[in-house]
Amino acid sequence: MAIFGGKPVRDTLLPYGSQWIDEKDIEAVVATLQSDFITTGPTIERFERKLSDYVGSKYAVAFSNGTAALHAACFAAGVTEGDEVITTPLTFAASANCVLYMGGKPVFADVDPNTYNIDPVSVESLVTRRTKAIIPVDFTGQPADYEKLQSIASENGLVIIEDAAHALGADSKGKKVGSFSDMTMFSFHPVKHITTGEGGAITTNNPVYYEKLKLFRTHGITRDVNQLEQERKDWEYEMQCLGMNYRLTDIQASLGISQLKKLAGFVEKRKEYARLYTKAFEKMDHVVPPFQMEGSQSSWHLYIIRLKGPLAKQRTEVFQALRAENIGVNVHYMPVHTQPYYQRLGYSSGACPIAESIYEQVITLPLFPKMTKGDVRDVIRAVKKVVTHYEKEAGV
Ligand SMILES: *Cc1c(COP(=O)(O)O)cnc(C)c1O
């Protein structure tokens, strides 16, 4: 193995994710740079229209990044001081931080041991009088269990803010992600399905949320005559609430429009590579490929393997050996409630035992549309090489 001085499977490092920008993208951005508006212009609405058409929602509101979009969604949902919002610990910190921004309290439900998505049974057990919303995450691109989550939400009057940063292009029971939750968040960070450099959006079918999201994006200021609280002079506007400057630029929106045209192809490539991985790993005794729920279609942001049996305790060794083979493996995610900041807020480790044990056993493999079948073969070869070594060492 390369970690012991042998020849690595690859000569150069294969990253775990990367954007795919082509000449058309570059031309689109240059055209916007040469136009009258590089921000607050018409390209933003065009991007929003194309995004909502793609996912099948009534509205879309673009933001400067996905985290800003989540913050705005919490505002629109009315999350305020003392409100509780239930989310998963197996996510990027932003899914919970957005609740703190509004003075609310994130409450962490445990996850399903097969899908790694938020467990509706755990969610239900955590609902209190103060619960305002649920923020499920479509972890790795596989939709959470919305049949169960929606029934918990409607019984208890909760808002669902779906964190679909991983799931643009995914389907849940025949419905496109972005079309069915109260609000759905997407991110356009370069490792996600499409990119605008930084960027994010909320899709919704609710006109009240739509107006609130737009207000929050621009300082809480509106010039829309239909929204004004009083009659105003032509030059006047109203600041109606405390918002932020969370706008996406037209430059970024033009990149987004160009990238959206390639989204279907990007998702197909991700699905194809995920199939190749699963075909190779399902034959291995100590590697668990990602379990897929009946009736949903992941858009495969991440491909995560779990080590089992005697290898479950050797994740660190396997991880380091794969890195030495020049495979850019990663781990998603250190459970949010175990982060030092959350520990200082009073959250304790051990609160979500399933999520915490999954975190100890998983490795994220490279997966992005621009990689080649040869790259996929390298990853498979490296995993087999490293896992076989540790199996021999463990005598299994
Ligand atoms: C990427 C991501 C975010 C945040 O999106 P940004 O655009 O980076 O702010 C939120 N939640 C999850 C699960 C993510 O992967």
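View 1. The space taken by the ligand is the second largest pocket. Here a pocket is, on a 1 Å grid over the protein atoms alone, an open set of points with protein on both sides within 12 Å along at least five of seven lines, and a molecule sits in a pocket if more than half of its atoms lie within 2 Å of its grid points. The elements giving two or more residues to the shell around the ligand are α3 (66-76), α4 (94-101) and β8 (183-187). Helices (H or I, at least four residues) and strands (E, at least two) are DSSP runs, numbered from the N terminus. This is a predicted model, in which local features need pLDDT of at least 70 and side-chain atom pairs count only at pLDDT 80 or more, while totals for chains, interfaces and linings use all residues. Residues are numbered from 1 along each chain as its sequence is written, and side-chain values use heavy atoms, with hydrogens and water left out.

**View 2. Polar contacts to the ligand.** Look around the ligand and you will find 16 residues, the closest being G66, T67, D163, S187 and K192; a residue is near the ligand if one of its heavy atoms lies within 4 Å of it. A polar side-chain atom of T67 comes to 2.5 Å from a ligand oxygen. For G66, a backbone N or O atom lies 2.8 Å from an oxygen atom of the ligand, and for H166 a polar side-chain atom lies 2.9 Å from one. Taken alone the ligand exposes 380 Å², of which the protein buries 92%, by the Shrake-Rupley method with a 1.4 Å probe. A polar contact is a pair of N or O atoms within 3.5 Å; within protein, one must be able to donate a hydrogen and the other to accept it, and residues adjacent in sequence count only if both atoms are side-chain atoms.

**View 3. T204 at strand β9.** T204 belongs to strand β9 (residues 200-204) and counts as buried at 1% relative accessibility. Buried means under 20% relative accessible area, exposed over 50%, and partly exposed in between (1.4 Å probe, protein chains only). The T204 side chain reaches the backbone oxygen of D182 at 2.7 Å. Leaving out residues up to four places away in sequence, T204 touches S57, K58, Y59, D182, M183, Y209, Y210 and L213, where contact means heavy atoms within 4.5 Å.

View 4. Along α7 (residues 207-217), the buried residues are Y209, Y210, L213, L215, F216 and R217. Just after α7, H219 has a positive phi of about 65°. H219 sits in the loop between α7 and β10 (221-222) and is partly exposed, with a relative accessible area of 32%.

**View 5. Backbone features in two other loops.** Most residues other than glycine have a negative phi, and most peptide bonds are trans. Y333 lies in the loop between α10 (315-324) and α11 (340-344), and a cis peptide bond with omega of about -10° joins H332 and Y333.

**View 6. A153 in helix α6.** Helix α6 (residues 146-156) contains A153, which is buried at 5% relative accessibility. Not counting residues up to four places away in sequence, A153 touches I134, L158 and I160.

Conventions:
On a 1 Å grid over the protein atoms alone, a cavity is a set of points where a 1.4 Å probe fits but cannot get out, and a pocket is an open set with protein on both sides within 12 Å along at least five of seven lines; lining residues have an atom within 4 Å of a point.
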